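Here's a quick briefing to read with the model open beside you. Take a look at the fold first, then work through the points below.

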Amino acid sequence: MNATAHIIDGKKVSAEVRAEIKTEVERLKSSGLVPGLATLLVGEDPASKIYVGSKHKACQEAGIVSFNHTLPKDADTETVFQKVQELNRDPKVHGILVQLPLPSQIDSEKILTAVDPNKDADGFHPTNLGRLISAKDMKEINALGIPIPCTPLGCMVLIEKTGVSLAGKNAVVVGRSLIVGKPVAALLLASHCTVTIAHSKTQNLPAVCREADVLVAAVGRAKMVEGSWIKEGAVVIDVGINRSAEGKIFGDVDFDSASAKAGWITPVPGGVGPMTIAMLLRNTVALAKKSHNARG
Ligand SMILES: NC(=O)c1ccc[n+]([C@@H]2O[C@H](COP(=O)([O-])OP(=O)(O)OC[C@H]3O[C@@H](n4cnc5c(N)ncnc54)[C@H](OP(=O)(O)O)[C@@H]3O)[C@@H](O)[C@H]2O)c1
């Protein structure tokens, strides 16, 4: 039995990525391009406010200029739509992030579709998701220069850090959300894995997971994936963020039992979480470069 899985240190990897981005931003600024990210927050949700605040702080540390837009919680779809259009037209803004979830009276799909695909910092625009699905492999995805949803991209960077070759491996993604499960499955497929997407209707989930050389858990249920579900030596990526009543954070994977079986595993906290913001910065810089090149 493998009693000591290697820990994939998302804090360390994200710090490395952010340092690289900072250097890149300095270089771009010296050639006259200042990457800019605009966030749009509708309402007063305390968690969303914290997330937006940490995105601005990360931008500041990387040298990316950030613009903080807020609208009242009772704003209607048209008001939010007009704000997005305004940001689409603003040449200082290269990336737009609409903080989700939007209040229930707002047509979220209309708003996310209104974001210019060339400014889609989160990579959630249907055009970008469609291009992600259409691409044959990672080489083509990278060549297209499309923004890739941040958490899935963060998962892939962490998997890459293990040095495990993905071609031909069995990958199981538990969860099929548009934010995590589906795009991470598309990226694993583009990396030539044989991909299974599991969800709440999947039968015999433990047996499905036991087939996984790479297991990505994105469910939202604390410690659901047990050590007995893990294939010996597997790469285990835990996306889950579950808060206990005492405010403690747990992943979707039972870390203690899973790390006795896995070859590589991400902790929670300190695994996928820190990667999401790093990937947002990476997308923003890539979009800024693309718009600069397009303008000549
Ligand atoms: N680290 C980060 O930065 C980051 C970013 C985003 C999300 N997260 C975390 O990742 C987790 C998932 O987020 P999400 O937005 O993808 O959640 P979501 O939209 O609620 O999707 C959860 C998925 O899990 C599936 N599921 C639920 N119960 C299940 C069960 N018993 N067995 C198998 N599958 C089950 C659901 O299946 P159905 O489709 O059949 O309902 C659904 O596809 C959450 O803990 C969230 O906080 C972390």
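Two strands count as paired if DSSP finds at least two bridges between them. Helices (H or I, at least four residues) and strands (E, at least two) are DSSP runs, numbered from the N terminus. With that in hand, E2 and E4 are joined by four bridges and run parallel.

Bear in mind that this is a predicted model: local features need pLDDT of at least 70, side-chain atom pairs count only at pLDDT 80 or more, and totals for chains, interfaces and linings use all residues. Residues are numbered from 1 along each chain as its sequence is written.

- For another sense of scale, take Ala 258 and Asp 74: they are 184 residues apart along the chain, and their C-alpha atoms are separated by 45 Å.
- Ala 258 itself sits in helix H10 (residues 255-258).

- Is strand E2 buried or exposed? Seven of the seven residues of E2 (residues 36-42) are buried, so the strand is largely enclosed by the rest of the structure.
- For the cut-offs, a residue is buried if 20 or more other C-beta atoms lie within 10 Å of its own, exposed if 12 or fewer, and partly exposed in between, with C-beta atoms placed from the backbone.
- Both faces of E2 are covered: one side has Gly 36, Ala 38, Leu 40 and Val 42, the other has Leu 37, Thr 39 and Leu 41, and all are buried.
- E2 also runs parallel to strand E3 (residues 65-71), with seven bridges joining the two.
- To get from E2 to E3, the chain passes through helix H2 (residues 46-62), and this β-α-β crossover is right-handed; that is, with the strands pointing away from the viewer, the path from the first strand over the helix to the second runs clockwise.
- Leu 40 is a handy landmark: opposite it stand His 69 in E3 and Val 98 in E4.
- Ala 38, also in E2, stands opposite Phe 67 in E3.

**The six-stranded sheet**

- There's an open sheet of six strands, in the order E1-E11-E8-E7-E5-E6, and its pairing is parallel.
- Strand E1 (6-7) and E6 are at the edges with a single partner strand each, so one side of each has no neighbour in the sheet.
- Inside that order, E7 and E8 are parallel and joined by four bridges, with Val 216 opposite Ile 237 in E8.

- Helix H7 (residues 150-162) has 13 residues and should span 18 Å at 1.5 Å a residue; its end C-alpha atoms are 19 Å apart, which agrees. The expected span is 1.5 Å times one less than the number of residues.
- 10 of the 13 residues of H7 are buried, so H7 is largely enclosed by the rest of the structure; among them are Cys 150, Cys 155, Met 156 and Ile 159.
- In H10, Ala 258 counts as buried because it has 24 C-beta neighbours inside 10 Å.

**Around the ligand**

- How many residues surround the ligand? There are 25, and the closest are Gly 175, Ser 177, His 199, Ser 200 and Gly 220; a residue is near a molecule if its C-beta atom, placed from the backbone, lies within 6 Å of it.
- The shell divides into 10 nonpolar, 12 polar and three charged residues. Here Ala, Val, Leu, Ile, Met, Phe, Trp, Tyr, Cys and Pro count as nonpolar, Asp, Glu, Lys and Arg as charged, and the others, Gly among them, as polar.

- The peptide bond from Leu 100 to Pro 101 is cis, with omega near 0 degrees, and Pro 101 is in the loop between strand E4 (95-98) and helix H4 (108-114).
- Val 268 and Pro 269 are also joined by a cis peptide bond, omega being about 0 degrees; Pro 269 lies in the loop between strand E11 (264-265) and helix H11 (273-295).
- Asn 204 isn't a glycine, yet its phi is positive, near 50 degrees. Asn 204 is exposed, with 9 other C-beta atoms within 10 Å.
- Lys 223 has a positive phi too, about 55 degrees, and counts as partly exposed with 18 C-beta neighbours inside 10 Å.
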